[in-house]
Amino acid sequence: MATRTAGDLTRPVLTAHGVARAFGPTVVLAGVDLAIAAGETVALLGGSGSGKSTLLRVLAGLDDEATGEHVLHGTAAVVFQEHRLLPWKRVADNVALGLAGPGVGVRVDRALAEVGLADRGRAWPAELSGGQAQRVAVARALVREPDLLLLDEPFGALDALTRLRMQGLLRRLRAEHGFAALLVTHDVEEALLLADRVLLLDDGVIAEEVPVDLGPAPRPDDPALGALRRRLLDRLGVPTA
Amino acid sequence: MTSPALAEAPAPVVPVGPAPRRRRDGAARRWRRLVSPVVLVVGWEAAARAGLLSPEKLPAPSAVLATGWRLARDGTLAVHLVDSLTRAALGLLIGGGLALVLGAAAGLLRLGDDLVDPPVQMARMLPHLGLVPLLIVWVGIGESLKITLVALGAFFPIYFNTYAGIRDIDERLVEAARTCGLGPAARLRHVVLPGALPALFLGLRLAIGAAWLSLVVGEQVNAQTGVGFLMMEAREFSQTDVVVLGLLIYALLGLLSDLALRYAERRTLTWRRGLRAT
């Protein structure tokens, strides 16, 4: 089990400096600085339209028009809010996308087994439920053995029960593989349950950084979690009764 | 997973009840749909035999079939059929190939879009069969006229469907492929081509229809062989049975090519039936 201490930032897996992005006259990112240590999970929290997803796209190398610099030490894989599986490839072929060489089949099978879908390799994506498809997307990222997993509201489109299971799955996979993760979410609870550190994006910059120190497996009814949640919700402008 | 048939069934209390009944209904309907065509053909035959239809205007179906058998046996039919098919295939290959290249260029590249699409959009408004007089001046009345006509007819459906098929691909899938480390060539092969394939099939089906139509017109201009020539020659000698036979052959060719294409489509696009298959 990986420890939930704030990572060692002298060995960062990702550093970004002065990342800025504007769409026409609208400035979405106005110079973001951040660093993620190896093995660390960082949640990026912000209201809708705060530019969280834009930042993740920049860091994933999908935005050619952003300015500033970001350096990745190692490899990254992305899980999007939608599963984005190719409908014309069977599940196993989707997971194997872009991989070559001997042993790909074994690696794919192992990744599918890790997300609990060992027997669905021959299925078409259209035959899967939303949660299953998202698990395949996780397997597709996992099979690349990334140093950093970029997650763009990966469980946002799932129902509450499936979301809880997926959060558990992510925690388990991180403990086993030790990858670092940047989790974009608008769910304060999810951020606190999964992350070692929460970054709050507001007005295009990282407005606040909150270390989460709740022990290895925080429980939803932990009073410390309640206090942190209230603080973050206040900061996001949500009135808490 | 529940089957769609069960999901739609009005009374799911008896889960096996509705399906066989629906199948029986389907079979009954198929038979019922055969009734009116059969009645029409039988009526046509009866009217011809009773002398109500003069053989010069419309010969009996049995007479048409007998003529077909006679021409097939002495080899005449095969010669003309092979020539027509060759023209159709060559025209489709040339027009379709060109359309595929230009459609892909316009769909994939901004420069291609700006340079290729405007003239094609303008030319689209021309009815290509109306170009026959001009084409006669340009390429003469020989074989090239027929092939050019077929190529022109096949070009537009394939061009527009290639273009639309590529443009309609979900940008998010291309992005996901990028994050999986796929370069431009691999993205073309794994994302763009399979994504555009349904539209390509639609384009090909429309193109084949246009090709037969072009052939009918083209083979009536100074042809020495081909199904169209057979019909024109027969008309001069008032062999109406051969004219009707030619029409029948055109219809059969269209039907067969459509069936073949549908079969190929079903084989290649299995993933689209994924939802219904389980």
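The buried residues of helix α1 of chain A are A:K52, A:T54, A:L55, A:L56, A:R57, A:V58 and A:L59. A residue is buried if 20 or more other C-beta atoms, placed from the backbone, lie within 10 Å of its own. Helix α1(A) spans residues 52–59 and is mostly covered, with seven of its eight residues buried. A:G61, with a positive phi near 80°, follows α1(A).

This is a predicted model, in which local features need pLDDT of at least 70, side-chain atom pairs count only at pLDDT 80 or more, and totals for chains, interfaces and linings use all residues. Residues are numbered from 1 along each chain as its sequence is written, and chains are lettered from A and ligands numbered from 1 in the order in which they are written.

Chain A contains seven helices and nine strands; helices (H or I, at least four residues) and strands (E, at least two) are DSSP runs, numbered from the N terminus. Among contacts in chain A between residues at least 6 apart in sequence, 72% join residues at least 24 apart. Two residues are in contact if their C-beta atoms, placed from the backbone, lie within 7 Å.

| Chain A property | Value |
|---|---|
| Box of C-alpha atoms along the principal axes | roughly 45 × 45 × 35 Å |
| Buried share of the 241 residues | 44% |

The contact between the chains takes 16 residues from chain A and 18 residues from chain B. On the side of chain B that touches chain A, α8(B) gives the most, with seven residues.

Methods: Buried ≥ 20, exposed ≤ 12 C-beta atoms within 10 Å, placed from the backbone.
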